[in-house]
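Hi everyone, thanks for making time.

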Amino acid sequence: MSSDLEVLQEALRGSGQRLTPQRMMVLSALAEQESHVTAETLLDLVRLDYPYINLSTIYRTLDLLVELGLVAETDLGGGVRQFELVGTHPHHHLICQRCGQTVEIGDDTLQPLRDRLQSHYGFEARMDHFAIFGVCKACREG
Ligand SMILES: [Zn+2]
Ligand SMILES: [Zn+2]
């Protein structure tokens with residue numbers, strides 16, 4: 001078990017939520033992913049250990065985790081909901097609309113914008129997980 005996972009379980013408990021086996025399974029399956037996954041992919045993974053879980057349980061668990069800010073839900077294009085743990089790793093994505101390539105960028109990239117919105121407008125922006133669409137370097141040059 002990774003320490004990231006322990007931090008997440010602690011956050012879940014701290015918010016007054018019970019750590020049911022289903023929630024544990026969804027969290028640990030998410031923690032093992034390198035990138036975004038769909039609910040259907042998670043269902044397949046969790047089912048290996050927990051055959052009786054169904055898709056609506058997966059969605060309910062994901063919705064809860066999104067609400068708690070532990071999981072980000074993003075449409076990375078194509079209208080498919082994708083999920084990913086962000087509790088311990090804030091980041092954003094650049095998505096090329098021509099070739100579909102995605103690049104992950106660090107949260108610090110958006111910090112100047114956040115600071116400016118705060119100082120100029122007194123606005124505290126919540127920018128947890130951005131999908132920024134555009135055209136990548138290879139497509140622009142090619
Ligand atoms: Zn992401
Ligand atoms: Zn491209």
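This is a predicted model: local features need pLDDT of at least 70, side-chain atom pairs count only at pLDDT 80 or more; totals for chains, interfaces and linings use all residues.

I'll begin with the overall layout, then take the helices, and finish with the strands.

If you trace the chain from the N terminus, the elements come in the order α-α-α-α-β-β-β-β-α-β-α. For a sense of dimensions, the C-alpha trace spans about 50 × 40 × 25 Å along its principal axes.

The protein is split into two domains, with domain 1 covering 3-85 and domain 2 covering 91-141. Their C-alpha centres are 24 Å apart. Where the two meet, domain 1 contributes six residues and domain 2 contributes seven residues. On the domain 1 side of that contact, the residues are two nonpolar, three polar and one charged.

I'll start with helix 3, residues 39-49, and helix 4, residues 55-67. Their axes are 9 Å apart, and the packing angle is about 115 degrees. Helix 3 and helix 4 are therefore roughly perpendicular to each other. As for handedness, this crossing is right-handed.

Which residues meet here, in helix 3 and in helix 4? From helix 3 we have Ala 39, Leu 42, Leu 43 and Val 46, and they meet Leu 55, Ile 58, Tyr 59 and Leu 62 of helix 4. By class, that contact counts eight nonpolar residues, with no polar and no charged ones.

Next comes helix 2, residues 21-31, against helix 3. The axes of this pair come within 10 Å, and they cross at roughly 120 degrees. The crossing of helix 2 with helix 3 is right-handed. On the helix 2 side you can pick out Met 25, Val 26, Ala 29 and Leu 30, while helix 3 supplies Leu 42, Leu 45, Val 46 and Asp 49. That contact divides into seven nonpolar residues, no polar and one charged.

How far apart are their axes, and at what angle do they pack? The axes are 10 Å apart, and the angle is about 75 degrees. Helix 2 and helix 4 are therefore roughly perpendicular to each other. Gln 22, Arg 23 and Val 26 of helix 2 make this contact with Thr 57, Ile 58, Thr 61 and Leu 62 of helix 4. The classes here are three nonpolar, three polar and one charged.

On to the strands. Strand 1, residues 71-75, pairs with strand 2, residues 81-85, in the antiparallel sense, and five bridges join them. As a landmark, Glu 73 has Phe 83 as its bridge partner in strand 2. The hairpin of these two strands has five residues between the strands, and Gly 77 there takes a positive phi near 100 degrees.

The other strands form an open sheet of three, in the order 4-3-5, with mixed pairing. Its edge strands are strand 4 and strand 5, each of which pairs on one side only. On average, neighbouring strands of the sheet are turned by 25 degrees against each other, direction ignored.

Where does the mixed pairing come from? Strand 3, residues 91-96, pairs with strand 4, residues 102-106, in the antiparallel sense over five bridges. With strand 5, residues 131-134, strand 3 pairs in the parallel sense, over four bridges.

Methods:
Residues are numbered from 1 along each chain as its sequence is written. Chains are lettered from A and ligands numbered from 1 in the order in which they are written. Two strands pair if DSSP finds at least two bridges between them. Axes are lines fitted to C-alpha atoms, for helices over the stretch in contact, and angles run from 0 to 180 degrees between N-to-C directions. Angles under 35 degrees count as roughly parallel, over 145 as roughly antiparallel, 65 to 115 as roughly perpendicular and the rest as oblique. A crossing is left-handed if the near helix is turned anticlockwise from the far one by less than a right angle, and right-handed if clockwise. Ala, Val, Leu, Ile, Met, Phe, Trp, Tyr, Cys and Pro count as nonpolar, Asp, Glu, Lys and Arg as charged, and the others, Gly among them, as polar. Domain bounds come from an automatic or database domain assignment.
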